[in-house]
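Hi everyone, thanks for having me.

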Amino acid sequence: MLRLLPVIFLLFVPLAPIYSQDASPARLTLNRIYESSDFRGESVNFNKWLEGSSYLIWESAVSPKKGNNLVRVDAAGKKEILIEGESLIPPGSKEPLAIHGYELSKDHDLMLIFTNSAKVWRQNTRGDYWIYRKSTGKLTKLGGDAKPSTLMFAKLSPDATKVAYVRENNLYVEPTAGGSPLQLTSDGTDEVINGTFDWVYEEEFYCRDGFRWNPDSKSIAYWQLDTRGVKKFTMIDNTSETYPKLITFAYPKTGERNSACKVGVVSAEGGATKWIDVPGDTKTDYYIPRMDWASSEKELLIQRINRKQKAIDVMLADVAAGTIKTLYTDRDEAWVDVHDDASEWIDGGKEYTWISEQDGWRHLYAISRDGSSFRKITKGDFDVIKVLKVDEKTKSVYFIASPDNPTQKYLYRCTLDGTGTAERVTPAEQPGTHDYNISPDAKIAFHTYSTFSSPPRVEMVSLPDHKVLQTLASNDKLREAVSKLAQSPVEFFRADAGNGVKLDGWLMKPPGYDPTKKYPLLFHVYGEPAGQLVNDTWGGSEYLWYLMLNQQGYMVACVDNRGTPCPRGRDWRRSVYRKIGVVASEDQAAAARELLKRPYIDPERVGIWGWSGGGSMTLNMMFRHPEIYKVGMSVAPVPDMRLYDTIYQERYMGLPQDNPEDYKKGSPITHAAGLKGKLLIVHGTGDDNVHYQGTEKLINELVSLKKPFSMMAYPNRTHSISEGKGTSYHLRQMLTQYLYDNLPAGPK
């Protein structure tokens with residue numbers, strides 16, 4: 001029968017040690033992890049790069065009431081106040097503006113300020129904008145008679161004479177010297193979107209800011225999304241008001257019609273939009289995920305990808321004529337990815353950098369402006385994980401890679417002409433994960449370094465010699481607190497999945513465990529192409545939660561199956577095409593069987609948990625392999641892939657009209673009859689991403705099959721299940737308690 005999981009059940013049957021607010025330095029509790037400051041790391045006072053090797057920070061003014069000063073810091077550490085906090089106090093107010101974002105003009109005289117921001121789906125992208133002119137001391141609010149928090153993505157023109165922004169799905173331009181806003185588009189509605197994007201473009205292509213100033217400051221290129229004809233999804237908010245509140249938005253599920261998308265250019269003085277003639281029907285056949293000026297005032301570079309996402313066209317558009325030509329097409333039998341980190345004009349605009357996996361590895365290439373040549377820059381049997389900096393002055397490229405260990409990340413450098421062998425810049429004696437934020441002149445970088453059980457250290461280093469110039473965040477206090485915790489070293493391993501496939505994983509063991517006894521094992525899983533979990537990097541509160549479970553007598557493991565975005569080559573990642581949920585389930589089960597050969601792991605006490613795609617994978621493992629997994633905790637899952645959005649799901653599965661059987665085989669709900677163990681399902685009813693609808697359909701299926709299970713619905717919470725006082729703590733408390741109640745801790 002259906003067993004509901006009421007809050008009182010979760011809260012009043014605790015295993016006392018993990019709820020205690022008092023604990024020795026060696027022991028972890030939920031309170032220490034999620035409520036205390038015991039493991040709070042240091043923050044780095046860095047805001048953004050300026051020119052050369054200088055950068056900006058916010059620094060407290062002498063008087064707290066005067067807010068923070070915007071300070072320029074050079075590579076030697078010399079500071080200069082650019083804008084004083086007291087200058088940002090609006091007329092009639094006693095407090096400076098709360099700075100949620102800002103932009104400076106090239107001469108540093110003009111500051112565009114974003115404040116009073118509001119969340120739109122994932123980020124705070126709607127708010128108020130002000131202009132501060134240092135030379136006159138004048139502070140002016142933009143937007144005319146606009147309602148509070150209704151402007152989006154305001155940007156200075158390159159010559160700083162104008163500001164463009166989106167207001168209620170229309171584009172506006174406003175003079176920085178003062179004057180009324182000029183409305184550039186007038187067809188924006190709830191369904192026709194100018195200068196920003198619909199839900200699915202924002203979520204899956206990371207598109208938010210939908211317009212680009214021409215380098216000459218005279219015109220603006222922008223996207224228009226027309227959602228008319230796209231089916232709507234409705235969520236019910238039962239908690240905000242006396243009567244239910246309906247939240248409705250365009251959401252194309254697999255196989256359904258998408259928004260029509262087009263790109264146009266409009267004069268900053270007003271007038272008709274000149275639309276670019278991008279071939280194909282964007283409602284059914286194509287997407288336009290990227291667009292920008294092509295190192296030119298007359299041409300745009302546009303990326304067009306077909307609906308099945310097997311081919312992406314790099315196209316050059318003549319703005320005056322409205323015509324377009326294809327420079328290069330990248331193809332794959334499975335899917336191609338949209339890239340941002342390597343799209344840059346070089347050699348005075350003669351070439352354009354591009355990432356491709358055409359030789360089986362992810363590498364950097366250069367495409368000539370006329371499309372006649374396509375040359376390789378990085379070379380070797382390894383993946384370029386991320387391109388960080390193209391430095392034309394030294395004719396070199398900095399990128400992240402890890403040729404020998406896909407769980408780690410290091411900085412490499414190679415020549416821009418593609419000759420020679422890439423050299424590792426990160427010191428050889430520093431294993432783990434390294435990230436870099438490189439200055440505009442590529443002479444210095446902020447270097448962040450951590451390992452699985454060691455918190456990050458942040459330094460300023462010179463390049464390419466990697467000499468440490470100063471330590472910005474040592475995190476020594478956090479590192480000391482972690483070192484005092486009772487723990488065993490993490491073990492990184494490779495599990496044999498058969499047919500020569502080796503899967504990377506990690507295993508955390510209880511401190512002082514007895515190898516002659518048997519311990520319960522909890523797997524953390526994701527398994528989809530959107531994320532890699534087996535990384536030699538600091539895991540923060542998630543790591544501490546697992547360490548707390550270790551201290552209670554659990555082993556915790558994680559394995560990356562085929563298809564996850566590990567730097568292991570194109571074939572590894574594309575092997576799951578049209579087999580999402582199928583190949584991953586086989587790999588995860590094979591890895592579990594491999595681990596269960598170890599005499600100290602109890603095969604009768606194996607659990608699994610995951611979130612989002614990991615929630616789906618948890619369901620798949622509980623349903624497909626009940627002989628292995630006895631307990632599962634599935635958070636925000638997609639039980640039926642047909643219910644998810646077009647861009648993500650069709651990329652990996654194709655169209656459901658073409659291959660309905662693949663969708664059926666990969667969806668957990670199809671295999672629900674296999675459930676034998678204890679299952680907890682958790683979902684936010686306000687999840688606009690992975691809809692609660694899917695969990696309700698799964699509930700119906702489990703009820704019809706007479707399968708007992710537990711569930712928790714968090715009212716009006718989104719996919720993160722973080723909104724509302726106490727929510728995050730409550731969720732971890734619930735997961736922990738469910739595990740204790742159904743997968744007994746400790747050795748046997």
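Let's start with helix 8, residues 613-624. It has twelve residues, and at 1.5 Å a residue they should span 16 Å; the end C-alpha atoms are 16 Å apart, so the expectation and the model agree. Keep in mind that this is a predicted model.

Is helix 8 mostly covered or mostly open? Mostly covered: eleven of its twelve residues are buried. Among them are G613, G614, G615, M617, L619 and F623. And what do those buried residues pack against? Their partners are helix 7 (583-595), helix 10 (660-666) and helix 11 (692-704), together with strand 40 (601-611), strand 41 (631-635) and strand 42 (678-684).

Now, on to the cores. The largest nonpolar core has 58 residues, and Y201, L300 and I302 have the most contacts inside it. Strand 22, residues 311-318, gives this core its largest share, five residues. If you click on I302 and leave aside its neighbours within four places in sequence, you will find it in contact with residues including V263, I276, V314 and I324. There is also a second, separate core of 42 residues, and Y543, V682, M712 and M734 are in it.

C261 is buried, with a relative accessible area of 5%. C558 is in no disulfide either, with the sulfur of C566 nearest at 9.8 Å. C558 is buried too, at 0% relative accessibility.

Terms used:
Residues numbered from 1 in each chain as written. Predicted model: local features only at pLDDT ≥ 70, side-chain atom pairs only at ≥ 80, totals over all residues. Heavy atoms only, no water. Buried < 20%, exposed > 50% of the residue type's maximum accessible area, 1.4 Å probe, protein only. Disulfide = S-S within 2.5 Å. Helix = DSSP H or I, 4+ residues; strand = E, 2+ residues; numbered from the N terminus. Expected span 1.5 Å × (residues − 1). Contact = heavy atoms within 4.5 Å. Core = buried A, V, L, I, M, F, W, Y, C linked by side-chain atoms within 4.5 Å.
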